[in-house]
Amino acid sequence: MPVPRTLYEKIWRSHVVEEDVGQKGGDGFALLYMDAHVLDEHTSAQAFDGLRAKGLGVRKPRATLAVVDHCAPTRALARDRASGIADRAARLQIEAMAANAAQFGVPHFGLADVRQGISHVVAPEQGLALPGMTVACGDSHVSTLGALGALPFGIGTSEVEHVLASQTLLARRSKTLRIDIAGTLPAFVSAKDLILALIGRMGTAGATGHAVEFGGPLVRALSMEARLTLANMSVELGAPAALIAPDDTTFAYLKGRPHAPQEAMWDKAVAYWRTLRSDDGAAFDAEATVDASSLAPQVTWGTSPQDVVAVSGHVPDPAEERDATRRKAMIRALDYMGLRSGAAMIGMKIDKVFIGSCTNSRIEDLRAAASVLRGRTVASHVEALVVPGSGLVKQAAEREGLDRVFRAAGFDWREPGCSMCLAMNEDRLNPGERCASTSNRNFEGRQGAGGRTHLLSPAMAAAAAVSGAIADVRDLRSHG
């Protein structure tokens, strides 16, 4: 009888070029073949310089895709030409990406390309990441692609160079953690609330060293875009990768995508993809079960994604924390965020609202926010912007009239890019400004030096925009 294997083990084993390499005694390291490689302008320039210095080329240019996202300006006038970008460092990185892609024959979605967008939105959209594939990217939120049943690897610049040159990656095998999610999500509660609650429960180191596999009836009921959100923020659990076994929802999403198999090859691919599940009796290193039936909308209060409470909750008191290291971190977070313990989350005044990022910038995210905003107006003191995850998402939203809903409410409708998720472009917070954000990290200075970030879902961000403060979207929707 064959040994039962997890989904992670199946994909890993099918991509091993050589085992026990790179380290004395092996210690779980293997040279793995990478099926696809996604590049962005932020982590690729030095890698291409390394190739030139060594006289090397790109091993498989057509298995590689270069996008512009981190530094991309999101105001239309700034995108007319790269030379018009005010930030010199951003301009140079964008220009270097275009030049490197042209020299090495790598497909490139530049600012003028309607397919341009955030790498972790574009890769699924293009079908570049498919079930059973390995995918490398110089950005940790490539974990997103595990929602498709692909095995993602977030890598550093030296590893980017190695993958470009050899189409392989030296990687260490992870332990495995199965998280089964039961129940059904209550009204107005989303996948973003679910993953924030998991991070709050397990901590940002809760899955360190473990590839997570999400399963259970609730996960099966999630849309593809909700699954992408769930996998996206699994890296905030400390997980190097997250996986969801592909099913009919996955196949429906991928069918007809530019890089997906076509015609007769499609049926063969689906037949193989259906085998990509953890076998009955497969052993995981750890397992957990969570019931999400009573989950409420979540919002962060501190400077880590694990600093999270239900929107109806209050800022916790560090004095009640037994762990001294954690207590110290809480005190620092409260000081940075300008908050006091016991303060109610509802009613906390905000200055800006950002709807976007690789976590929540897909069409379903924009629909959720727009459903809250119809017939409402952004509070007079709030600056609000919405940034689609790609040009194709933007086109789809405009066909549905979502852009008109956002504009009528007082939102700034932008061009695709990472935008205010991180302070590497022109969209950022000023010191002391408080932002309701659909992004994935709320670290000190993440959205701008001195900026204060509260992570929440698109619907919750829309509720904050019209309320001018953190608000419970259930109250707005129930009276809408």
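This is a predicted model: local features need pLDDT of at least 70, side-chain atom pairs count only at pLDDT 80 or more; totals for chains, interfaces and linings use all residues.
Local features need pLDDT of at least 70, side-chain atom pairs count only at pLDDT 80 or more, and totals for chains, interfaces and linings use all residues. Residues are numbered from 1 along each chain as its sequence is written, and side-chain values use heavy atoms, with hydrogens and water left out.

Start at helix 13, residues 391–400. Helices (H or I, at least four residues) and strands (E, at least two) are DSSP runs, numbered from the N terminus. At the start of helix 13, Ser390 brings a side-chain oxygen to within 3.3 Å of the backbone nitrogen of Leu392. After the helix comes Gly401, with a positive phi near 80 degrees. The buried residues of helix 13 are Gly391, Val393, Lys394, Ala396 and Ala397. Buried means under 20% relative accessible area, exposed over 50%, and partly exposed in between (1.4 Å probe, protein chains only). These buried residues pack against helix 4 (119–126), helix 12 (363–373), helix 14 (402–409) and strand 17 (412–413).

Rolling a probe the size of a water molecule over the atoms shows where empty space is left. Here the search runs on a 1 Å grid over the protein atoms alone; a pocket is an open set of points where a 1.4 Å probe fits, with protein on both sides within 12 Å along at least five of seven lines, and lining residues have an atom within 4 Å of a point. The largest pocket has a volume of about 440 Å³. It is lined by 24 residues, and the closest to its centre are Val189, Ser190, Ala191, Ala226 and Ala368. Helix 6 (191–202), helix 7 (217–221), helix 8 (224–232), helix 12 and helix 15 (458–467) each give two or more residues to the lining. By class, the lining has eleven nonpolar, eight polar and five charged residues.

Now the cysteines. A search of the whole structure finds zero disulfides, a disulfide being a pair of cysteine sulfur atoms within 2.5 Å. Cys421 is buried, at 4% relative accessible area. For Cys435, the closest cysteine sulfur is in Cys421, 11 Å away, again too far for a bond. Cys435 is buried too, at 0%.

Finish with Glu433, in the loop between strand 17 and strand 18 (434–437). Glu433 counts as buried, at 17% relative accessibility. Its side chain makes a polar contact with the side chain of Lys352 (3.1 Å). A polar contact is a pair of N or O atoms within 3.5 Å; within protein, one must be able to donate a hydrogen and the other to accept it, and residues adjacent in sequence count only if both atoms are side-chain atoms. Beyond its neighbours within four places in sequence, Glu433 is in contact (heavy atoms within 4.5 Å) with Asp351, Lys352, Gly450, Gly451 and Arg452.

Conventions: Grid points are joined across faces, edges and corners, and a volume is the space filled by probe spheres set on the points. Ala, Val, Leu, Ile, Met, Phe, Trp, Tyr, Cys and Pro count as nonpolar, Asp, Glu, Lys and Arg as charged, and the others, Gly among them, as polar.
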